[in-house]
Amino acid sequence: MIVLEGVEKWYGEYHALVDVSAEVKAGQVVVLCGPSGSGKSTLIRAMNGLEGISAGSIRVNGEDVQGRGVDINRIRSRIGFVFQQFNLFPHLSVLENVSCGPVWVNHMPRERAHRLALDLLAKVGLEQKAGAYPNQLSGGQQQRVAIARALAMNPPVMLFDEPTSALDPEMVGEVLSVMRALAAEGMTMVCVTHEMKFARDVSDVVWFMDRGTLLEKAPPEQFFDCPAHPRAQAFLSDIRRH
């Protein structure tokens, strides 16, 4: 579903991504973890063209996301992306936020799009909030609306960039429960997260990054019980100590 080959990213003199190569199979849940500043968000944003790359290639569902002359808006419409800060349209109701993609991009009839939106809001437990506006919702509710909005485009893959980092601790669980349900349904997912219990319970593969380099790719039980790379060992040791 996703193929990364020799991906490099420079910001001036700063080497943000260093020769990253990896694959995500259809139906897999990959959790991308590592210390702050390790390149995780840069990498996941490059997967749908929000960040350009300096070298290498990224293919999502067979399409070269970073190729010359690609219709990046068309490609992005097929990749679900959930941000840290929700990025809902404040002037649109919850129902309109979820239905706007199908209406504006896919030219779906508005009534049909609204039915789809209501089904997806029920899926994330928020059908009763369809008429509310983002500023009337908690952070956890806003993030669940953002997930429903991404799902409305029926993407074959979902990308999550630290979806719980802006939430109060008591709201984290409600968002993770929706992500767990998506994983159980077989959705292909790549998640940048610091939620290590979620990573251990839900992921098929854990990718560990530091200083722009993908240092380890392992099943969760192997990564958490017996990490191979010394930097991963130190990272997990710090987490356990705190």
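User: Which strand pairs with E3 in the parallel sense, over four bridges, and covers residues 205–210?

Analyst: In this predicted model, that partner is strand E9, which runs parallel to E3 and is joined to E3 by four bridges. Within this pairing, Val30 lies opposite Val205 in E9.

User: What does E3 do with strand E8?

Analyst: Strand E3 also pairs with strand E8, residues 188–192, again in the parallel sense and over four bridges. Here Val31 stands opposite Cys191 of E8.

User: Is E3 mostly covered or mostly open?

Analyst: Strand E3, residues 29–33, is mostly covered, with five of its five residues buried.

User: Which residues of E3 sit on each side?

Analyst: Val29, Val31 and Cys33 are on one side, while Val30 and Leu32 are on the other. These residues are all buried, and both faces of E3 are covered.

User: Let us change topic. What is the order of the strands in the open sheet?

Analyst: The open sheet has four strands in the order E2-E1-E4-E5, and their pairing is antiparallel. Its edge strands are E2 (14–24) and E5 (63–64), each of which pairs on one side only.

User: How many bridges join E1 to E2?

Analyst: Seven bridges join strand E1, residues 2–11, to E2, and the two strands run antiparallel. One example is Val3, whose bridge partner in E2 is Glu23.

User: And what lies between E1 and E2?

Analyst: The two strands form a hairpin with two residues between them. Gly12, in the turn, has a positive phi of about 60°.

User: What about the pairing of E4 and E5?

Analyst: Strand E4, residues 55–60, pairs with E5 in the antiparallel sense over two bridges. Arg59 stands opposite Asp64 in E5.

User: Now the helices. At what angle do H3 and H4 pack?

Analyst: Helix H3 (residues 94–104) and helix H4 (residues 110–123) pack at an angle of about 125°, and their axes are 8 Å apart. H3 is therefore oblique to H4. The crossing of these two helices is right-handed.

User: Which residues make that contact?

Analyst: From H3, the contact is made by Val94, Leu95, Val98, Ser99, Pro102 and Val103. From H4, it is made by Arg110, Ala113, His114, Leu116, Ala117, Leu118, Leu120 and Leu121. Sorted by class, the contact of H3 with H4 has 11 nonpolar, two polar and one charged residues.

User: Why is Leu118 called partly exposed?

Analyst: Leu118 is called partly exposed because its relative accessible area is 37%, and that class lies between the cut-offs of 20% and 50%.

User: How far is Leu118 from Cys226 in space?

Analyst: Leu118 and Cys226 are 44 Å apart, C-alpha to C-alpha, and 108 residues apart in sequence.

User: How does H4 pack with H5?

Analyst: H4 and H5 pack at an angle of about 135°, with axes 9 Å apart. The two helices are therefore oblique to each other, and their crossing is right-handed. In the contact, Leu120, Leu121 and Lys123 of H4 meet Val145, Ala148 and Leu151 of H5. By class, the contact of H4 with H5 has five nonpolar, no polar and one charged residues.

User: Last pair: what is the angle between H5 and H6?

Analyst: Helix H5 (residues 139–151) and helix H6 (residues 169–184) pack at an angle of about 20°, with their axes 8 Å apart. H5 is therefore roughly parallel to H6. H5 passes H6 in a right-handed crossing.

User: Which residues are involved there?

Analyst: H5 contributes Gly139, Gly140, Gln141, Gln143, Arg144, Ile147 and Leu151. H6 contributes Met171, Glu174, Val175, Val178, Met179 and Leu182. The residues of this contact of H5 with H6 divide into seven nonpolar, four polar and two charged.

How values were computed:
Residues are numbered from 1 along each chain as its sequence is written. This is a predicted model: local features need pLDDT of at least 70, side-chain atom pairs count only at pLDDT 80 or more; totals for chains, interfaces and linings use all residues. Side-chain values use heavy atoms; hydrogens and water are left out. Two strands pair if DSSP finds at least two bridges between them. Axes are lines fitted to C-alpha atoms, for helices over the stretch in contact, and angles run from 0 to 180 degrees between N-to-C directions. Angles under 35 degrees count as roughly parallel, over 145 as roughly antiparallel, 65 to 115 as roughly perpendicular and the rest as oblique. A crossing is left-handed if the near helix is turned anticlockwise from the far one by less than a right angle, and right-handed if clockwise. Contact means heavy atoms within 4.5 Å. Ala, Val, Leu, Ile, Met, Phe, Trp, Tyr, Cys and Pro count as nonpolar, Asp, Glu, Lys and Arg as charged, and the others, Gly among them, as polar. Buried means under 20% relative accessible area, exposed over 50%, partly exposed in between (1.4 Å probe, protein chains only).
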